[in-house]
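Dear colleague,

I am passing on the structure that we discussed, and below it you will find my notes on what came out of the analysis. Please read them with the model open beside you.

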Amino acid sequence: MPDVSDRTAAVHKEDSQVRQKNMIAAHYARLARAPETGDKNVYTFVPGNLTELIRSFDLLPVLPEINALQSAMRGKSRDYIAVAEKLGHSEDVCTYVKCDLGMMKSGNVGPTGERLPPPDLLLLSYTGCFTFMKWFEILREEYTCPVVMLHVPYQGDGTITDSMRRYVVDQLRDKVIPALESVSGRRYDEARLREMLARSARAEDDLVAVLNSARQKPSPIDAYFGGVYYIGPIFSAFRGTVEAVDYYRALRGEVEERGRQGLGPITPDGPMARERFRLVVEGPPNWTSFREFWKMFADEGAVVVASTYTKVGGVYDLGFRHDPDRPLESLAEYCMGCYTNLSLPRRVEMLVNYINDFDADGLLINSIKSCNSFSAGQLMMLREVERLTGRPGGFIESDLVDPRYFSAANIKNRLESYLQMIEQKRAGKTA
Amino acid sequence: MNRPADPASARVRAVVERAEHLYRDRSFGEVRAWKQRTGSLAIGFMPVYIPRELLHAQGVLPVGIMGGGDDMEIIRGDAYYQSYICHIPRSTIEMGLNGSLDCLDGMIFPATCDVIRNLSGMWQLQFPDRLSRYFDVPQNFDAELGGSFYRRELESLSDELVRRGARALEADRLRASIEVYNQNRRRVEDLFELRRREPWKVPTHELHLVLRAGQVIPVEDFTPMLEEYRNAAVEDTSRQPMDQARVLLTGAFCEQPPLGLIKTLERSGCYIVEDDFVQVHRFMRGEISAAGDPVDALVRAFLHDAVASPIRYIGDDVKGAQLVERVRQCGAEGVVYCSASFCDPALLDQPMTIRALEREGIPYTAFKFAENNGQFQVIREQSGTFADSIKLWSEV
């Protein structure tokens, strides 16, 4: 979920990208000014984030994963990771954690080059990733602020039970809200939260329309590389805001116009001329070589028509919407519904549906060394999806923010081989 | 002149040989025999913790599955996992695929980490006809919040077992089962106490085998095994102290190191006087009070009496405080971090607990292993040097 700036110059930008960049830059600028303005902030995580609730107390969210990936896109993650490893953090573990810790130890200078304020509250939303729990235990040792934990149960059998919902709602009511009240000095205002949730739902409608536009041929969007820009505001600090509603309305208009004109997605080198391959991608992208990675696909005319990474902050395309009439229940269901909180059979089902609904040529998995939540089981998922769809699967490996695990030649080679396999299958069908 | 053989030595050897047979029997013959004898369910569970009392009360044999160790060839399991994922799920999948686990009526995958969690889904895909249950536990330890949730999880698990053919959960039976496991915990603790006091009497590679045996036999057989081993070890006069460093070994609470690695550490000059191996046996500190509602007793124990394992959220306490306390209690002179490669809970925890050790001036060393490691020379040199440094310079 980057903003649109990248280390490499001369990138073609859509209007929505410029708007998104400005939104995110303004957010970081506001955080940087916090010591003077008195704005208070809450460090929390992307999956299952409680942005509307946090903002209803006039608190600002800070998302360490976003800081880490932004650092990677600016070529800073290598040094930050080295700082953490020198402090004893294993080379085996999540590089988001190490990048974040390294950034903090290096002065906590954020992606825009300005110092981020220390947290006023650590809100551990433990959703879909065991590492989150350890991450905040580590941060807790570095700061003196209060910590509140929201434990979100895993959908082990693919459903949300009443017991799970009740557990999360009770924690929101009895732990999280009192902690936010204490830090902000404001009372919980459910009417305000409802307003924000209603705005969330409007933005979510437009996001889903954008994502579903990829059913068209050619697809007017790339739902992975482009998709990470689209999800930026809604997965991070802006859900529930007027700005987010406006952004998604504008984005939808832009994408629908491209669709009407029969245009393909915008790539780093401009509009894609010809869509040759339609892929579904599972797993997060690599951030250290994001543009180079994207270009490998764009050069081959490969468009990602659906991706799972763009669902880590919510599976809106499966019908979920924040519901102002059931504010806390709705937040609880949102937390539990994030992609990495789903069972593997549910994830397989989603992928199969994407391949069928978006008429994709196959599934490509970008397996991330750092992320067991995503990666453990992916080889089996690949085989299952191949078996159920009859479409070929491909597998590449990289990392989130550790440049040592991005081997461009190897990935390019595997990607090209995979695309050739798709072509051969097509040729076999038409022969 | 040779001393006459101590009859207690033979008794120790007999227990250890039986335990090693159970440890190496990947066909789970003992479980199969138990099932044939009783006609009841046997359910496997992955590390670290499940409430075995509940299964026991419903007539179910809980069978601890701790991977394939170092003597199992992985033929298909590696095709299920990338190189950067730990080893235990590979050998577990391998055992599932090669029929070793056919004797089990299902598997429980507790909330240990993302790999074990996802393995539950893989099991659902691979073995759709068998019970494959993810067992969630609360990370909120408030009785009204996490406690209520956990109680509902226990009830839900119990209902699932009934649907699979187990008998219904009854309060009296559960109380009795809690008492059976309390007795077992006492015997386990007795052995650990003996090892702390006279580590030469209870070599850890033997203790490990005995604890592993307890994973695959009924608790009613395991408790006498512990008693027999302890009694024989106490009486065995052939076991004499040596000038070794006393160490606490931590980090191996899920995937277990190969037996050869434990022996290597001992031969390099370390008495392991405390460890995390087969942690389910010691996950609860002390006994569980079965007074009142026995399901609530299990809940209370989980919330308040569990060890500060890396799989539990430490919200208020100081990270590493319990490790330091354990070092003091067992009289260890140093800590050996022995964690499985790519083990997120252990490796993410390690820097925090190391800080706690450093604050107290407790020496430590760290290395990683995989359950199928076959070469230990480097580790032997490392642990030998660590033991030497303790003997020469430690002020702990």
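A residue is called buried here if 20 or more other C-beta atoms lie within 10 Å of its own, exposed if 12 or fewer do, and partly exposed in between, with the C-beta atoms placed from the backbone. By that rule, 58% of the 431 residues of chain A count as buried.

Please keep in mind that this is a predicted model, in which local features need pLDDT of at least 70 and side-chain atom pairs count only at pLDDT 80 or more, while totals for chains, interfaces and linings use all residues. Residues are numbered from 1 along each chain as its sequence is written, and chains are lettered from A in the order in which they are written.

Chain A is divided into domain 1 (15–188) and domain 2 (193–430), with bounds that come from an automatic or database domain assignment. Their contact takes 53 residues from domain 1 of chain A and 47 residues from domain 2 of chain A, where two residues are in contact if their C-beta atoms, placed from the backbone, lie within 7 Å. On the side of domain 1 that touches domain 2, α1(A) gives the most, with 8 residues.

Chain A also touches chain B, in a contact that takes 41 residues from chain A and 40 residues from chain B. The largest share of the chain A side, 7 residues, comes from α7(A), and the elements that give two or more residues to this side include β4 (147–151) and α8 of chain A.

That same strand β4 belongs to an open sheet of 4 strands in the order β2-β1-β3-β4 (chain A), with parallel pairing; two strands pair if DSSP finds at least two bridges between them. Because β2 and β4 of chain A stand at the edges, each with a single partner strand, one side of each is left without a neighbour in the sheet. Between β1 (residues 41–43) and β2 of chain A there are 3 bridges, and Tyr43(A) has Val62(A) as its bridge partner in β2(A).

With best regards
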